[in-house]
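Take a moment with the fold before reading on. The paragraphs below walk through it, from the whole chain down to single residues.

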Amino acid sequence: MSAQKVYILGGYQSDFAQNIARANQSVSDLFVDTVRSGLAACKLDAAEIEVGHVGNFVSSLFSGQAQLGGFFGHVDPAMRYMPASSHEAACASGSMAILAAMADLEAGRYDTACVLGIEIMRNVSGEQAAANLRPAAWASQEWTETDFVWPCAFNNMLALYEERYSLNKDYLYAISKQNFASARLNPNAQTRQWQFKDASFSNDESANPVVSGNIRKQDCGQITDGAAVVFLATQAKASEYAARHNIALSSIPTINGWGHINAPISFKEKLRLSEPEGFLFPHINALFQQTLKRAGINSLSTIDGLEVHDCFNITEYMILDHSGLYPPGEAWQAIENGDISRSGKLPVNISGGLMGLGHPVGATGVRMLLDSYKQIAGSAGDYQIDNAQNVMTFNLGGSATTCASFIVGKTNT
């Protein structure tokens, strides 16, 4: 258990439908605008923030700009000399920034932290974007025969599920259909105005063309431009904040559990560690158990919603398959029974997820935490889960190499 509770004072997310380059803006503009908007949304003064953490994967490749922590000094004069650092773990970069900020607060170094996740990815061609994202795998060793690493990699995962469990792909299409439908309710979702036909979620070559192997267009998450920010605080600072805004301390969502596991970067090595009669990726299930235990929760029955990493629909299926909701290989039951729908026993990606909402790589882990905060605070608007008490995230980087999870709830302080 954490030495001291970490509170989430709030945050802000940019509109993931916005194309930053077409708006004649840069990564610095997105950084500054997001942090300023977050401070305003939370009614915080910049001088109250004592440390900054940035989650980002490849700004240096997409925008030619690194050293992103230096842009805090351009948000407000009060942040000019604020300590800050950046964190990289592919698609889990944002979660690593959160963990670092939590450690700062738990250690007593600071009482408040600003965590920003950010990425610009739509300013280059598809081919260049794919090349920029290759280093999330073992770049010199894996999938070197293709220019598009990640559709190929997750096609390999899909093939494993088809071989081991005879997975019917209709269940994956159901995931995509639900996530795109959920995104319609999210005012920040990249695909909120996209139109689909029934054939878009089928093997129809024109409505849903092949990308790689058995991965088709609507099987894929959407890379995008975007940023998300959250402000974390110790109990002492959260108490001051609550008193100032005339709210109960117990009404402020807290991070009640967390998990972090790294697996070997090699996909083949991960498979070597697979359980022949059990979990395909044992470390994924271990992370669920680790996070639940830290939160003092015995099972998923206490979790009211999951925000998981659906960079492809097979990724969401794989994570669900390792959650413990059903035995390995039987996650299809959660889809068939409606368990993962908004009114089901474990709603999944009601925000739209990476597929519907969008996936600015470095921002995703922070965005997941922000959406979990919104659910607990009752401020998720049209995609609010009724009476949400505990919401869990599951964020992964690469071929499930870096994995992180958080449980957001409330504390009886």
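Predicted model: local features only at pLDDT ≥ 70, side-chain atom pairs only at ≥ 80, totals over all residues.

Helices (H or I, at least four residues) and strands (E, at least two) are DSSP runs, numbered from the N terminus. Residues are numbered from 1 along each chain as its sequence is written, and side-chain values use heavy atoms, with hydrogens and water left out.

Start with the whole chain. The protein chain has 13 helices and 11 strands. Its radius of gyration is 20 Å, close to the 22 Å that the globule rule gives for 413 residues, so the chain is as compact as a globular protein of that length. The radius of gyration is taken over C-alpha atoms, and the globule rule is 2.2 Å times the number of residues to the power 0.38. Along the principal axes, the C-alpha atoms fill a box of roughly 55 × 45 × 40 Å. Of the 413 residues, 59% count as buried. Buried means under 20% relative accessible area, exposed means over 50%, and partly exposed is in between (1.4 Å probe, protein chains only). Now look at contacts, where contact means heavy atoms within 4.5 Å. Among those between residues at least 6 apart in sequence, 75% join residues at least 24 apart.

A cavity is a set of points where a 1.4 Å probe fits but cannot get out. A pocket is an open set with protein on both sides within 12 Å along at least five of seven lines. Lining residues have an atom within 4 Å of a point. Grid points are joined across faces, edges and corners, and a volume is the space filled by probe spheres set on the points.

The largest pocket has a volume of about 830 Å³. It is lined by 32 residues, and the closest to its centre are Leu133, Pro151, Cys220, Gly221 and Ile223. By class, the lining of the largest pocket has 21 nonpolar, 9 polar and 2 charged residues. Here Ala, Val, Leu, Ile, Met, Phe, Trp, Tyr, Cys and Pro count as nonpolar, Asp, Glu, Lys and Arg as charged, and the others, Gly among them, as polar.

The second largest pocket holds about 220 Å³ of space. Of its 13 lining residues, the closest to its centre are Leu9, Tyr241, Ile247, Ile252 and Tyr373. β1 (6-13), α1 (27-42) and α13 (364-377) each supply at least two residues of this lining.

Tyr241 leads us to helix α7 (residues 235-244), where Lys237, Ala238, Tyr241 and Ala242 are buried. Seen down the axis of α7, these buried residues fall within an arc of 140 degrees, so they line one face of the helix. The arc is that of the directions from the helix axis to the C-beta atoms. The buried residues of α7 pack against β1, α1, β4 (112-119) and β7 (226-233). After α7 comes Asn246, whose phi is positive, near 55 degrees.

How many of the 9 residues of helix α10 (residues 313-321) are buried? The count is 9 of the 9, so α10 is largely enclosed by the rest of the structure.

The structure also holds 1 cavity of 30 Å³ or more. The largest cavity has a volume of about 50 Å³. Its lining includes Gly305, Pro347, Ile350, Gln375 and Ile385. β9 (305-308) and α13 each supply at least two residues of that lining.

Now return to Ile385. This residue is buried, with a relative accessible area of 7%. Leaving out residues up to four places away in sequence, Ile385 touches Asp304, Gly305, Pro347, Ile350 and Gln375. Ile385 and Ser343 are 42 residues apart in sequence, and 7.9 Å apart in space, C-alpha to C-alpha.

Glu162 gives another view. It sits in helix α5. At 27% relative accessibility, Glu162 counts as partly exposed. Glu162 and Asn132 are 30 residues apart in sequence and 30 Å apart in space, C-alpha to C-alpha.
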